[in-house]
Amino acid sequence: MATVLQRRVDGVRRFNRFYTQRLGVLTDTFLRSSFTLTETRVLWELAHHEAWSPGELAGTLGLDPAFLSRVLRRFEDQGLIRRTTAASDRRRAVLTLTAAGRRAFAPLNERQRDEIAGWLAPLPAARQERVLEAMGTIADALAPRTEGEIKLREPEPGDLGWVIERHGALYANEYGLDVHMEGYVADVIGRYVANFDARRDRCWIADRDGVRCGCIFAVHDDGDPDTVRLRLLLSEPFARGRGLGRRLVRECIAFARETGYRKMILWTHSVLTAARAIYAAEGFVMTATETNDMWGTPLTSETWELDLAL
């Protein structure tokens with residue numbers, strides 16, 4: 001066990017050496033400015049949060065209060081920040097950036113945006129998304145976030161291609177399905193776009209800080225105007241365990257009821273135990289099963305239905 005842990009520690013340290021060098025934080029100043037990385041981060045926090053106290057700032061950044069006090073004193077001497085007394089509590093000091101502080105921070109902020117854009121721009125769009133997803137995985141593992149930070153939004157250009165790619169990759173990695181699975185999802189997406197009806201169809205993309213982490217679709221049934229189909233529920237591994245799958249399913253059901261559908265149907269597989277548990281908990285009932293090997297691995301497929309009038 002110690003050997004395995006040591007290998008992982010070495011891997012983290014190797015990544016840290018690469019990333020700190022890439023960020024340019026090993027030099028005396030940050031981004032060719034007169035500020036260190038820590039000073040730049042303090043400016044960023046004050047630029048994005050009004051009226052923070054020194055204690056709140058130290059706690060958020062994990063800085064030693066005495067060290068932060070020296071940084072703030074230099075900023076005050078340079079006219080970059082202003083220290084005042086809170087109107088609601090005369091014992092509480094609050095910090096704000098002055099106009100000079102905002103002028104000093106603006107080029108730093110823009111320079112960092114440009115530098116990161118310079119890293120990402122040469123990469124294909126799919127690799128850019130992989131970088132963001134990997135960063136999200138690291139952040140989630142080391143500092144778990146709450147479900148409330150995940151937003152559900154309408155699809156944007158590139159999202160539907162991501163749905164196809166992630167279904168193909170995840171189902172291959174987790175269940176051993178072959179490329180036919182990805183082809184199936186591509187066909188579903190193609191028909192969804194071709195037959196889209198804004199009144200009766202809907203797609204939700206789960207997004208956390210710009211990183212896609214899940215999806216679900218409500219698609220009208222061509223043969224029955226009272227029936228809607230729940231399709232392509234997916235939750236990324238790094239976003240699981242926080243109720244996202246249930247939230248997506250409930251959003252889909254709520255839309256179906258508001259739209260006036262009377263029945264919701266979905267098609268799933270017995271190996272998808274987490275999804276099946278959600279469906280059962282939300283009132284779906286299994287109505288049929290079948291076996292197939294259409295995606296390279298024998299599966300037991302299932303049809304589930306929900307009476308939306310109940």
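Guide: On a 1 Å grid over the protein atoms alone, a cavity is a set of points where a 1.4 Å probe fits but cannot get out. The model examined here is a predicted one.

Visitor: How many cavities of 30 Å³ or more are there by this rule?
Guide: Rolling a probe the size of a water molecule over the atoms shows where empty space is left. The space in the largest cavity is about 30 Å³. With 30 Å³ or more as the rule, the count is one.

Visitor: Which helix gives the most to the lining of the largest cavity?
Guide: The lining residues are Leu23, Phe30, Leu31, Gln112, Glu115, Ile116 and Trp119. By class they are five nonpolar, one polar and one charged. Four residues come from residues 99-120, the span of helix α5.

Visitor: About how much space lies in the largest pocket?
Guide: A pocket, unlike a cavity, is an open set of points. For the largest pocket, the space comes to about 1,500 Å³.

Visitor: Which element gives the most to the lining of the largest pocket?
Guide: This pocket is lined by 30 residues, and those closest to its centre are Tyr19, Leu23, Gln112, Ile116 and Met135. At least two lining residues each come from α1 (2-23), α2 (37-48), α5 and α6 (125-142). With eight residues, the element that gives the most is α5.

Visitor: How many residues in the lining of the largest pocket are charged?
Guide: Asp, Glu, Lys and Arg count as charged. The lining has 21 nonpolar and six polar residues, and its charged residues number three.

Visitor: Which element supplies the largest share of the lining of the second largest pocket?
Guide: The second largest pocket holds about 770 Å³ of space. Of its 35 lining residues, Tyr171, Leu233, Leu272, Ala275 and Tyr279 are the closest to its centre. Elements that each supply at least two residues are α7 (159-175), α8, β6 (224-235), α9 (244-259), β7 (263-269) and α10 (273-281). The largest share is seven residues, and it comes from β6.

Visitor: How many residues in the lining of the second largest pocket are nonpolar?
Guide: Tyr counts as nonpolar under the classes used, as do Leu and Ala. Eight residues of this lining are polar and six are charged, while the nonpolar ones number 21.

Visitor: How many aromatic pairs does the structure hold?
Guide: Rings pair if their centres lie within 6.5 Å. Ring pairs join Phe15, Phe18 and Tyr19 into a cluster. Over the structure, the number of aromatic pairs is twelve.

Visitor: What kind of pair do the rings of tyrosine 192 and phenylalanine 217 form?
Guide: A pair of aromatic rings is described by the distance of the centres and the angle of the planes. Planes over 60 degrees apart count as edge-to-face. Here the centres are 5.0 Å apart and the planes stand at 90°, so the pair is edge-to-face.

Visitor: How many residues apart are tyrosine 192 and phenylalanine 217?
Guide: Tyrosine 192 is in helix α8 (residues 179-194) and phenylalanine 217 is in strand β5 (residues 211-221). The pair links distant parts of the chain, with a separation in residues of 25.

Visitor: Is phenylalanine 217 buried or exposed?
Guide: A relative accessible area under 20% means buried. Phenylalanine 217 has a relative accessibility of 1%, so it counts as buried.

Visitor: What kind of pair do the rings of tyrosine 279 and phenylalanine 284 form?
Guide: Tyrosine 279 is buried at 4% relative accessible area, and phenylalanine 284 is buried at 4%. Their ring centres are 5.7 Å apart and the planes are at 65°, so the pair is edge-to-face.

Visitor: How many disulfides does the structure hold?
Guide: A disulfide needs two cysteine sulfur atoms within 2.5 Å. The sulfur of cysteine 213 has its closest cysteine sulfur in cysteine 215, 9.9 Å away, too far for a bond. For cysteine 252 the closest is in cysteine 203, at 9.7 Å, which is also too far. The number of disulfides is zero.

Visitor: Which backbone nitrogen lies 3.1 Å from a polar atom of the side chain of aspartate 221?
Guide: Aspartate 221 sits in strand β5 and is buried, with a relative accessible area of 13%. The backbone nitrogen 3.1 Å from a polar atom of its side chain belongs to aspartate 224.

Note on methods: Residues numbered from 1 in each chain as written. Predicted model: local features only at pLDDT ≥ 70, side-chain atom pairs only at ≥ 80, totals over all residues. Heavy atoms only, no water. 1 Å grid on protein atoms, 1.4 Å probe; cavity = no way out; pocket = protein on both sides within 12 Å on 5 of 7 lines; lining within 4 Å. Points joined across faces, edges and corners; volume = space filled by probe spheres on them. Phe/Tyr/Trp six-rings, centres within 6.5 Å; stacked < 30°, edge-to-face > 60°. Buried < 20%, exposed > 50% of the residue type's maximum accessible area, 1.4 Å probe, protein only. Polar contact = N/O pair within 3.5 Å; in protein donor to acceptor, adjacent residues only side chain to side chain.
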